[in-house]
Amino acid sequence: MNAKPLTASGARTAKKKSLYASEKWWGYLFVAPPFIGLTVFLLYPLLTSLYYSFTIFDFSSPPQFVGTENYKRALFEDPLVWKTLWNTFYAALGVPIGMAVSLLIAILLNQNLKGKNLFRMLFFLPTICSIVAMTLIWQWIFNSDYGLLNYFLSLVGIEGPAWLTDETWAMPAMIFQGVWGGLGISIIMYLAALSNVPTSLYEAATMDGAGGWKKFVHITVPGISPITFFILVTSLIAAPPGLPALRAHDGRGPELLDDDDCVLSLYYGIRI
Amino acid sequence: MSSTTAVKRTTNAAEILNKAVVYVLLTIGGLFMAIPFLWMLSTSLKDKGAVFSYPPQWIPEDIMWENYRTIFEDAHMIRGFFNTMMIILPTIIIGLFVCALAAYAFAKLRFPGRDRLFMVLVVSLMIPGAVMMIPAFIMFKNFGWTDSWKPLMIPGMFGAPMVIFFLRQFIKQLPDELEDAAKIDGLNPLGVFLKIILPLSKPALITQAILTYNAGYNDYLGPLIYLNSPEKYTLQMELASFTSYYVSEWTLIMAGSVVALIPTLVLFAFAQRYFIEGIALTGIKG
C-alpha cells in the first residue's frame, strides 16, 4: 500500500522531500536572531512595563504595587486622556491627505519629463534632512510675528493667526508640516508601483476609448492597491511618533501639544 | 488623409497642454518643498542680527561664509559625524545581513510554523515606538548600557521586522529554479543564500540600506535619551546643541544642517536608480 511506483516524478519528490527535511533546521537557525531580538528588546520591556503599570514607580525607590489604580486614573480621572485620544485621530488625518498628495505627484512624475530627477530629489529633501533643522524652520514659517506664512498672507491682506499657539490652528499646522515631511517615501513607493502597472492595459483601454479618469479608476487604482495598503498601514503605525516634532514645538504650543507624556500614558493605558 | 493629420495635430496640442499643466503643478509643488531649504541656505549665510528681519530677506546683505568655518571650529561636527558613522555602519551591515537571512528563510525555506512565526513578526510592527521608550530605557539602564552606543547599535543588529517584511517580498519573487539547481549541486541553504540570493537581492538591499542609514543618521531622540558624554554625541546632537551652547544660534544650526545634508544628498543621487528598482521589483502584495 505504502510503496508508491517509483516513477521519475516520484523520485524527484522524494529527493525534494529529503532536501526539505534538513531545510527545517536551517530555517529555524536563520530566523532565530530576529526572534531573540524581539524577546530581549521588545517582549521583555513590554512585560516589565505591564508590571510597572500596576505600581507607583519613581525610578529611585522600588516600585509599589497599587493594582488597577493607574488605569482608573488614566481612563476616568485624567481629562487629558480623551483629549489626546481625539488628537491622535485628528493627527491621523494627515495620513490620507499625504497619500492622496503623494499619489498625485507620483502620477505627474511618472510621465516622460525632463528634469524628473530634480523634482524627485526636491520632494525627497525633507526625508533626508535633519529633524532638528526642519522643526526650527517650521517654527519660523509658522511664527506669528516674523514668520513666512503670515508674511505671505499679509501680502494679500490677511492677518494670519499664531499658528502654533492657537488651539484651532495648531493641529492643522502640524498636519501640514507632517504631510510635507512625509511625501518623499510615499512618492517613491507610488512611483515604483506605477511602473509595475502593465502599459498594455492602458493601450487596450485607449483603444476602447476610455478617458484619463476611467483609466485611472479602472487600471491605475487597482494596479497600485497593494502599495496603497502598505503605505496606509506603515504610515498609520508611524503617525504617533511624530512625537519628536511635537516635542520640539513643546513649550510654545497650547495644551494639546505640550503634554507629550500624556501621549505616552495614553498608550500605557489602552494599548497594553 | 487630412483628417488623420488633424487628429494628430489635436493630440499633439493636447499633449503639449497636458505637459504644461504637469510642469506648472510640479513647479508649484517643488517650490513648496524648496522654500524651507532655500531659507535654510540663506540663514546659514546670514549675520546673527539679520535672521529675523521682516519682511524675510532671501539674499543676505553681508554674506557670512564664516558661519561655516565656525561650525567646524567651535562645534564638533566632524567628531559628531564620525560618531554617527561608528554607530550606524556596523548596525546597518550586520542588521541587513541578519534580516536578509531571515527573509530568505521566510520566503523560500520550508519549516513547520514558518507562517505563524512570520505573523508574529508582522504583529510586532504594530507596536508604536513611543510605548517602548520608558521600559526600554529602564532595561538598558539595568544592563549598564546608558551613556554608551550600545542601545543605539545592538537592537538593530538583531534585525528589524519591517526590513525583513520588505526583503521577503523581494526574495519571494526570485525564481525557484535557480535555487533548486544550486541545491541539487550540493549547496546547503547557507550556500544558496550567500551565492545566489544575496547577489540577486542587491537592489532591495541597497534600498533598505539607504532607508536604514537615513533613519539612523537623522535620529535625534534615541541618542538624546541614551547619551550624556559630549565626546559620544552624534551629528544631530551636535546640531541641536547650538540651541544650548549659544542661545538660539540659528545661523550656525542652519549652516550645520546644510553640511549634514550633503553626504545623504550625494548618496541618494547615486542610489536613486536602485531605489526605485528595489521597490518596483519587490511587488509588495498586501
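This is a predicted model: local features need pLDDT of at least 70, side-chain atom pairs count only at pLDDT 80 or more; totals for chains, interfaces and linings use all residues.
Visitor: How many helices and strands does chain A have?
Guide: Helices (H or I, at least four residues) and strands (E, at least two) are DSSP runs, numbered from the N terminus. On that basis chain A has 13 helices and two strands.

Visitor: What percentage of the residues of chain A count as buried?
Guide: Buried means under 20% relative accessible area, exposed over 50%, and partly exposed in between (1.4 Å probe, protein chains only). In helix 7 (residues 148–155) of chain A, the buried residues are Leu148(A), Asn150(A), Tyr151(A) and Leu153(A). Over the 272 residues of chain A, the buried share is 43%.

Visitor: Over residues 176–196 of chain A, how far apart are the end C-alpha atoms?
Guide: An unreviewed UniProt entry annotates this span as a "transmembrane region", along with 25–47, 89–109, 121–142 and 216–239 of chain A; UniProt positions are in the numbering used here, feature names are shortened, and annotations may be inferred rather than shown by experiment. Residues 121–142 of chain A are 91% helix, with end C-alpha atoms 25 Å apart. Residues 176–196 of chain A are 100% helix and 0% strand, and their end C-alpha atoms are separated by 30 Å.

Visitor: What is the end-to-end C-alpha distance of residues 250–271 of chain B?
Guide: The unreviewed UniProt entry for chain B lists "transmembrane region" spans including 20–41 and 250–271. Residues 20–41 of chain B are 100% helix, with ends 29 Å apart. Residues 250–271 of chain B are also 100% helix, and their end C-alpha atoms lie apart by 31 Å.

Visitor: Which element gives the largest share of the lining of the second largest pocket?
Guide: On a 1 Å grid over the protein atoms alone, a pocket is an open set of points with protein on both sides within 12 Å along at least five of seven lines, a cavity is a set where a 1.4 Å probe fits but cannot get out, and lining residues have an atom within 4 Å of a point. Of the 25 lining residues, Ile107(A), Gln111(A), Tyr202(A), Lys215(A) and Asn18(B) lie nearest the pocket centre. Seven lining residues, the largest share, come from helix 1 of chain B.

Visitor: Which residues line the largest cavity?
Guide: Helix 5 (116–128) of chain A, with helix 10 and helix 13 (250–280) of chain B, each supply at least two lining residues. The residues are Phe124(A), Ile128(A), Ile210(B), Leu211(B), Asn214(B), Thr264(B), Phe268(B) and Phe275(B).

Visitor: Is Thr207(B) buried or exposed?
Guide: Thr207(B) is found in helix 10 (residues 202–218) of chain B. Leaving out residues up to four places away in sequence, Thr207(B) touches Phe166(B), Tyr274(B), Phe275(B), Gly278(B) and Ile279(B), where contact means heavy atoms within 4.5 Å. Because its relative accessibility is 0%, Thr207(B) counts as buried.

Note on methods
Residues are numbered from 1 along each chain as its sequence is written. Chains are lettered from A and ligands numbered from 1 in the order in which they are written. Side-chain values use heavy atoms; hydrogens and water are left out.
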